[in-house]
Amino acid sequence: MSTPVEPIKVALLGCGTVGTEVVRLLHEQADDLAARVGAPVELTGIAVRRPNKHRDVPAELLTTDATALVARDDVDVVVEVIGGIEPVRTLLVDALSSGKSVVTANKALLAENGGELFTAADASGADLYFEAAVAGAIPLLRPLRESLAGDRITRVMGIVNGTTNYILSAMDATGAGYAEALEEASRLGYAEADPTADVDGFDAAAKAAILASIAFHTRVTAADVHREGISSVTAADIAAARSLGRTVKLLAICERVTDDAGTESVSVRVHPAMIPRSHPLAGVGGAFNAVFVEADAAGQLMFYGQGAGGAPTASAVLGDLVAVARNRVASGRGPRESAYAELPVRPMGQTGTAYHISLDVADQPGVLTQVAAVFAEHGVSIAAVRQEGRDNEPSASLVVVTHAAPDAALRSTVDKVAGLPVVREVVSVMRVEGEEQ
């Protein structure tokens, strides 16, 4: 007769949209989870701020004292879905330091204090899993950490924020302006009451830092990520992209870069960019996420699916919980932090990008010659030019698409062009990605 296996006991921090789904799945799938893990998985406590708001949860599980819950001797795993930095950082460091495994969906904390969490985990031998922190239900971080551990990843480029992707997709489909598309996203629940973290790129930048850290075995923080949002994207930008066979997406781009001297560095950036409609990411619409990975041996891979929401994110949390619970039962450990490469982060100004520049210029001879001279002066090669006059107006539209050049050189070029007497206005500047330049 087999000896009964002790249950894996779980403390849950937070019971909002994601936490509620975690509780539901733990209850509904209890038998299956026990079979998969090799031991029962029991929820022993839930830390919340307002217990009276959670009438569907057994009252005996609820507590407002998260510190005491994490410190309990009978807790094996701490699952965190609160978000924010403090008090969560302290709670999770304490949990890991005491040997408790941690499953978290907290992208902001990982992007800012991930190194501290990993150090605490390594010191005690505890597991730290965080699949739900990037791209919701999409299995992405585990393939990067484990499946591709024997390969050399060179680039990770993706759409990792559903709110901004919904807005840009709506602008592309309907011709709406940014404000109108944001209002629609808010009405449908795709945008928060305060959408700043999404539309200004903070959410995507935190995810980019996590992706780059894993892909390139280097600690990258949110502060290392060049960040631009989508609030300056106009209907005219979307229309211009369409006329060139492109669409506009907010991209998180992480690259391993080698300079002329053979020195490697990491470039990490978040910004809107035009990509060809033939690119796999161009067809990712609505609030979906997708990440395109390039590796030396594996080649090109794409991960696609629901990037947010209670149930999709809870699915990723439960996947991590099963993994750490199995490790507990088998007295094993999951993958540790891999930051051995310690590559420097390349400043945005030194990163090679290409620009789409729209100018309002005087409709007179020699304008293109003057503009082209400025590009040549800064060592920026022009890939394509389109000039269109306007009926009964003394101005014309001049569009310039460049080849790849250091971003600082491109910025300097645009500044110099803006000062030319023949240039009335720099209407828009947008980067171009996803094709050979």
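## Getting started

Contact here means heavy atoms within 4.5 Å of each other. Helices (H or I in DSSP, at least four residues) and strands (E, at least two) are DSSP runs numbered from the N terminus.

You are looking at a predicted model, in which local features need pLDDT of at least 70, side-chain atom pairs count only at pLDDT 80 or more, and totals for chains, interfaces and linings use all residues. Residues are numbered from 1 along each chain as its sequence is written, and side-chain values use heavy atoms, with hydrogens and water left out.

Let us begin with helix H7, residues 162-174. The expected span of a helix is 1.5 Å times one less than its number of residues. At the start of H7, a side-chain oxygen of Asn161 comes to within 3.2 Å of the backbone nitrogen of Thr163. Just after the helix, Gly175 has a positive phi of about 80 degrees.

Buried means under 20% relative accessible area, exposed means over 50%, and partly exposed lies in between (1.4 Å probe, protein chains only). Of the 13 residues of H7, 11 are buried, so the helix is largely enclosed by the rest of the structure. Among them are Tyr166, Ile167, Leu168 and Met171. The cover over the buried residues of H7 includes strand E7 (153-159), helix H8 (178-187), helix H9 (196-199), helix H11 (235-243), strand E9 (246-258) and strand E11 (288-295).

## A closer look at Asp172

Asp172 belongs to helix H7 and is buried, with a relative accessible area of 15%. Leaving aside residues up to four places away in sequence, Asp172 touches Ile238, Arg242, Thr247 and Arg277. With the side chain of Arg277, the side chain of Asp172 makes a polar contact at 2.6 Å. A polar contact is a pair of N or O atoms within 3.5 Å; within protein, one must be able to donate a hydrogen and the other to accept it, and residues adjacent in sequence count only if both atoms are side-chain atoms.

## The six-stranded sheet

Six strands form an open sheet in the order E3-E2-E1-E4-E5-E6, with parallel pairing. Strand E3 (62-63) and strand E6 (128-129) are at the edges, each with a single partner strand, so one side of each has no neighbour in the sheet. Two strands pair if DSSP finds at least two bridges between them. Strand E2 (residues 41-47) pairs with E3 over two bridges, in the parallel sense, and Ile46 stands opposite Leu62 in E3.

## Salt bridges

The structure holds 28 salt bridges, each being a side-chain nitrogen of Lys or Arg within 4 Å of a carboxyl oxygen of Asp or Glu. One of them joins Arg142 and Asp320 (2.4 Å, N to O). Arg142 lies in helix H6 (residues 141-147) and Asp320 in helix H12, so this pair ties together parts that are 178 residues apart in sequence. Arg142 is partly exposed at 27% relative accessibility, whereas Asp320 is buried at 1%.

Glu255 and Arg155 meet in another salt bridge (2.7 Å, N to O). This pair links strand E9, which holds Glu255, to strand E7, which holds Arg155, 100 residues apart. Glu255 and Arg155 are both buried. Arg424 and Asp360 also form a salt bridge (3.5 Å, N to O). Finally, salt bridges with shared partners join Arg152, Arg256, Glu264 and Asp296 into one network.
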